[in-house]
Amino acid sequence: MGNLFGTDGVRGIANSELTPELAFRLGRAATYLFGREIRRPVFVIGRDTRISGQMLEAALDAGICSAGGYAINAGVIPTPAVAYLARKLSAQAGVVISASHNPYPDNGIKFFAGTGYKLPDAREEELENIVLADKDTLPRPIEDHVGVIQNRHDLIADYIDYALATVTTKFNNLKIVVDCANGAAYEVAPAILKRLGAEIIVMNHQPTGVNINRDCGSTHLGGLQKAVLDAGANIGIGYDGDADRCLAVDELGRIVDGDQIMTICALDLMNEGRLPANTLVSTVMSNIGLHQAIKQAGGHVVVTPVGDRNVLESMLTHGYGLGGEQSGHIIFSEYSTTGDGVVTALQLISALVKSGKKLSELAAAMTRFPQVLFNVRIKSKDGLEENTNIAAAIKAAEAELGEMGRVLVRPSGTEPLIRVMAEGPDMPQLERLVEQIAVTIRKELEG
């Protein structure tokens, strides 16, 4: 696999790499694949606010109908809402048209199973093989077997009710600034917070089709930080383009990243006896401060490779309840089958309300240790893991840092790079250790 599906569906520049023709073929292939189980498979389709979204939606709809499927268009709606609605409506699949935090010329198409979980690799590969076949030999039903389309943007209310049901606290007396990134959260996030009683200030909630993620949202938090300070707000929430993740800003205008959000929510759940096995799942990129905070509270952290698929796999395998990434892509398995920025924000604000503290005080439970990341560009990554001199350099750096730091060396999945990261309390020390490892890597792999 790898010709079509990446780590998060099919991505590319809309109408150039991700064309309507490709969207049409994906619709036909998915309908054929899921149609093996039921005569007229049902697809719930949602999109973000990109100008290309309607074009791709129309092509996808046409492909589904040409193969005899049933397309339910939910309109502009967060990615996790599609996962939820696919389950609620007993659909065969959910489809999201979005490129998440990417700039507006990009777009993407990704599939959820009817269970609300992302398609397993084997299923994606099967779908890819059908799309990339030399000739389209899929059935073309006629007469009343041709597929149908139903536009159901009213389904957004179902998702709002579902998200509201994940918290029991009210947000009265809170002033919250919400940055919707001119994306998929622009309707649901303000509506939910208003219903919970908060005073809200909404920004970047007027999408034009070309302003999604532009200098706003979770990848550009400067405007949100200023707005929180100017308004004297208790908290700021910044979403990405498809609202499957969020980051926060405290009352002092400081960023609260995904590691800190996970720490705050994990400690809240532990305090209520609601965190299974007192265990949090995070990736290798999470700050060592997260590990220390959870350990100090009597909990445990399970570490996975980078990627929400790996986090979710660990959670499902062992029955863990909370996991995520530093980017703010966080999964609460009690409520969601995928990362949900709206639910994450609600859980964070609920923890804030229950604590009676300021967000800066809650965030202080985790010390965010400095990180140094250096990319070593090499001709070939072959031999990295087997090289004893590189291993010795890494081991020596780890020994010097001890329990107060860590070293992570891993090859890039997409470029000829070796990423060297060190973390600890002393920045000059980190820079020196990373440079030593980088020199060894260049010497050993470049010859």
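# Notebook: cysteines, rings, a sheet and a pocket

I looked up Cys65 and found a buried residue, with a relative accessible area of 10%. Buried means under 20% relative accessible area, exposed means over 50%, and partly exposed is in between, with a 1.4 Å probe and protein chains only.

Before going on, I noted what I have. This is a predicted model, where local features need pLDDT of at least 70, side-chain atom pairs count only at pLDDT 80 or more, and totals for chains, interfaces and linings use all residues. Residues are numbered from 1 along each chain as its sequence is written, and side-chain values use heavy atoms, with hydrogens and water left out.

**Cysteines**

I searched for disulfides, meaning pairs of cysteine sulfur atoms within 2.5 Å. The structure holds zero of them. I then checked Cys216. Its closest cysteine sulfur is in Cys180, 9.4 Å away, which is too far for a bond. Cys216 is buried, at 0% relative accessible area.

**Aromatic rings**

Next I looked at the rings. A pair of aromatic rings is described by the distance of the centres and the angle of the planes. Rings of Phe, Tyr and Trp (its six-membered ring) pair if their centres lie within 6.5 Å; planes under 30 degrees apart count as stacked, over 60 as edge-to-face and the rest as tilted. I found three aromatic pairs in the structure.

Tyr84 and Tyr162 have ring centres 4.2 Å apart and planes at 15°, so this pair is stacked. It links distant parts of the chain: Tyr84 sits in helix α3 (residues 79-88) and Tyr162 in helix α5 (residues 156-164), 78 residues apart. I noted that helices (H or I, at least four residues) and strands (E, at least two) are DSSP runs, numbered from the N terminus. Tyr84 is buried at 14% relative accessible area. Tyr162 is buried too, at 12%.

The rings of Tyr159 and Tyr162 have centres 5.6 Å apart and planes at 40°, so I logged this pair as tilted. Both residues lie in helix α5, three residues apart, about one turn of the helix. Tyr159 counts as buried, at 0% relative accessibility. Tyr84, Tyr159 and Tyr162 form one aromatic cluster.

I also checked for charges over rings. The test is NZ of Lys or CZ of Arg within 6 Å of the ring centre and within 35 degrees of the ring normal. Arg123 lies over the face of Phe34, at 4.9 Å from the ring centre.

**The sheet**

I traced five strands in an open sheet, in the order β8-β7-β9-β10-β11, with mixed pairing. β8 (199-203) and β11 stand at the edges with a single partner strand each, so one side of each is left without a neighbour in the sheet. Two strands pair if DSSP finds at least two bridges between them.

I followed β10 (residues 246-249) closely. Cys246 and Ala248 point one way, Leu247 and Val249 the other, and all are buried. In a regular strand the side chains alternate between the two faces of the sheet.

β9 (residues 235-239) pairs with β10 in the antiparallel sense over four bridges. Tyr239 stands opposite Cys246, and Gly238 has Leu247 as its bridge partner. The two strands form a hairpin with six residues between them, and Ala243 in the turn has a positive phi of about 60°.

**Positive phi elsewhere**

Most residues other than glycine have a negative phi, and most peptide bonds are trans. I picked out Glu143, with a positive phi near 55°. It lies in the loop between α4 (121-131) and β6 (148-151), and it is exposed at 69% relative accessible area. Asn204 has a positive phi near 50°. Its loop runs between β8 and α7 (222-231). Asn204 counts as partly exposed, at 25%.

**Largest pocket**

Last, I looked for open space. On a 1 Å grid over the protein atoms alone, a pocket is an open set of points where a 1.4 Å probe fits, with protein on both sides within 12 Å along at least five of seven lines; lining residues have an atom within 4 Å of a point. The largest pocket holds about 1,300 Å³, a volume being the space filled by probe spheres set on the points, which are joined across faces, edges and corners. Its lining has 40 residues, and Thr7, Val306, Gly307, Asp308 and Glu325 lie nearest its centre. Helix α10 (308-318) is among the elements that supply at least two lining residues each. The largest share, six residues, comes from α10.
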